[in-house]
Amino acid sequence: MENALGSVQPKHWKRPWSLSLRPGRPGQDWLAGRVAALLTLATVLLVPLIALALLLRSLPILEARPLGELLFSSTWHPLKGAFGYFPFITGTLWVTGVAMGVAVPPSLLTAIYLAEYASARTRALIKPFIDLLAGIPSVVYGVWGVLMIVPLIQKTAPSIGAWLGFIPLFRADNPTGYSVLAGGLVLAVMVFPIIIAVAEEVIRAVPQGLREASLALGATRWQTVTRVVLPRARPGVIAAVVLGFSRAFGETMAVLMVVGNVARVPGSIFDAAYPLPALIANNYGEMMSVPLYDAALLGAALILLLMVLAFNMISRLVLMRVTRAE
Amino acid sequence: MKKCRVVECFFRVLMIGSTALVLGSLILILGTVVWRGLSALNLAMLTQTPKGGYYLGKEGGILNAIVGSLYLAGGATLLALTISLPIALYLNLYAARSRRGELARLALDVLWGVPSIVYGAFGFTLMVWLGVRASLLGGIIALALLELPIMIRGMDEAIAMIPVALKEASYALGATRLETALKVVVRQTTPALLTAVLLAFGRGIGDAAAVLFTAGYTDRLPDSLFGPAASLPLAVFFQLGTPFPAVQERAYASALVLTVIVLALSLISRRLAGRLNKHVVR
């Protein structure tokens, strides 16, 4: 019994080599432990298994085209055999970037408000509504985007374009409203509850004594938050943002419905984009009828998975750095 | 001192503004869906399957999608539950504070971040290999994979909160880890476990990307595990994609039905969590 509970767990049997040596309750305990360990192992191996399955299915296109062409070519024309992922990869990054830019500041401010400023009653009143926001299905977010965000952008884009159009980022050439900005705004609202929930929890976990010491030295509440509480909670806050990021990154339906789905590298937040998940979801129907198309789409799923894993690893390294530095 | 007070005031306003923004977007979403959905909702939509020409604006309803979604999410939740509970108990009782446990939690965190469309694509490749067509079973498996990390995380957090003394008391009476898990830990955490299960169910019933490849879509009620099954998110998506305003109105109504199911679930889980705690030691 090598685990840490060994201190309280009676060690009244030796490791047997077969089940029959362990009759009765200890035997049941041992068997249950083995079964649960196997289930855990299978679940842990799921990510490599998914990656392997997608890699095997996308091998045909990886063999037929050089990787550089696949990743950096901007022509996507399955019928002519041209499969360039670049517009889709940049589309994903644009939409997620806009979403995080919009979502992170208000989410963190709300989390700080709930954790540091709000009374217990206010917090108890607001928290259920934030949980409610987390439960709304993505397709409903999409419907909301189509009914509200897209018309709003369609109406306001020309005036913003006329005012700030000299910056390429705000050029408004797309009259439809289905755009990077629409996808980003819808995603931002989807990400709010995830960041708020985790960030609030880690901020509240900061020991009360630190706050009291800071306040006793004459610091204001906001100074206490920025100079004492937040530095202490930083690893957890980064983790909260990363969780929101990975949710936004792979979101399919809500984005697909509002982002316009044009296979071109976007140059402005008012341009249409075509993120990777939307590409996969939109074309699965005809992928078996065009040669290499199915391999190309499952390759897109593989790229998406690898990008999520890479961001996960990077954030973990950052976290380790941050926690070690303190 | 004056400057401090200005800064303090400024950020206070900013924080309250942010909170209002978050709550306001919830109200906007619910308001939009209820307002646009209610006008198109009628009894026929809830009680009939699509008749001929439904997607051109003729009569029928989305009963196929409602039943299909309940089957899909229900089956997936049962499947995920039978896998998640042993894993959550294992992580806390058998592999507590061990290196194996930490590694497993790390892998589960990674799994949590895998996009649902990737689960769909993975399910699809499995089905191609096995020679199975889009079916209720395929959808259930893909959704179960999606729900698994959500459910395990919820259960793990709940079980980790149990006071050590409670477990030690059980061990001291001579109970094995299995007995402690089933007779003490599960009872103690029933409300929280149920919340985790319903949370995962809510995610499952609302997800479209994982079932898009795996469950297919049909206008009939699902009648076998190996036949295709419709689902509410896809019903919303397909109806919204048609060029007919009358059918798009129905998409809004379908979105309302989905929202009501999900919100009702979250209310029920709140109520049940309050009631099922009679075995909880405090």
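In chain A, 76% of the contacts with a separation of 6 or more join residues 24 or more positions apart; a contact means C-beta atoms, placed from the backbone, within 7 Å. This is a predicted model: local features need pLDDT of at least 70, side-chain atom pairs count only at pLDDT 80 or more, and totals for chains, interfaces and linings use all residues. Residues are numbered from 1 along each chain as its sequence is written, while chains are lettered from A and ligands numbered from 1 in the order written.

**Chain A overall**
- Chain A has 12 helices and two strands (DSSP runs: H or I, at least four residues; E, at least two; numbered from the N terminus).
- Its radius of gyration is 25 Å, well over the 20 Å of the globule rule for 326 residues, so chain A is more spread out than a compact globule (taken over C-alpha atoms; the rule is 2.2 Å times the number of residues to the power 0.38).
- The C-alpha trace of chain A spans about 75 × 65 × 35 Å along its principal axes.
- Of the 326 residues of chain A, 44% count as buried (20 or more other C-beta atoms within 10 Å of the residue's own).

**Helix α6 of chain B**
- Because 22 of its 25 residues are buried, α6(B) is largely enclosed by the rest of the structure.
- A kink of about 35° lies at E147(B), shortly before the proline P149(B) (the angle between axes fitted to the seven residues ending there and the seven starting there).

**Domains of chain B**
- Domain 1 covers 2–38 and domain 2 covers 44–279, with bounds from an automatic or database domain assignment.
- Their contact takes five residues from domain 1 of chain B and five from domain 2 of chain B.

Notes. A residue is buried if 20 or more other C-beta atoms lie within 10 Å of its own, exposed if 12 or fewer, and partly exposed in between; C-beta atoms are placed from the backbone. Two residues are in contact if their C-beta atoms, placed from the backbone, lie within 7 Å.
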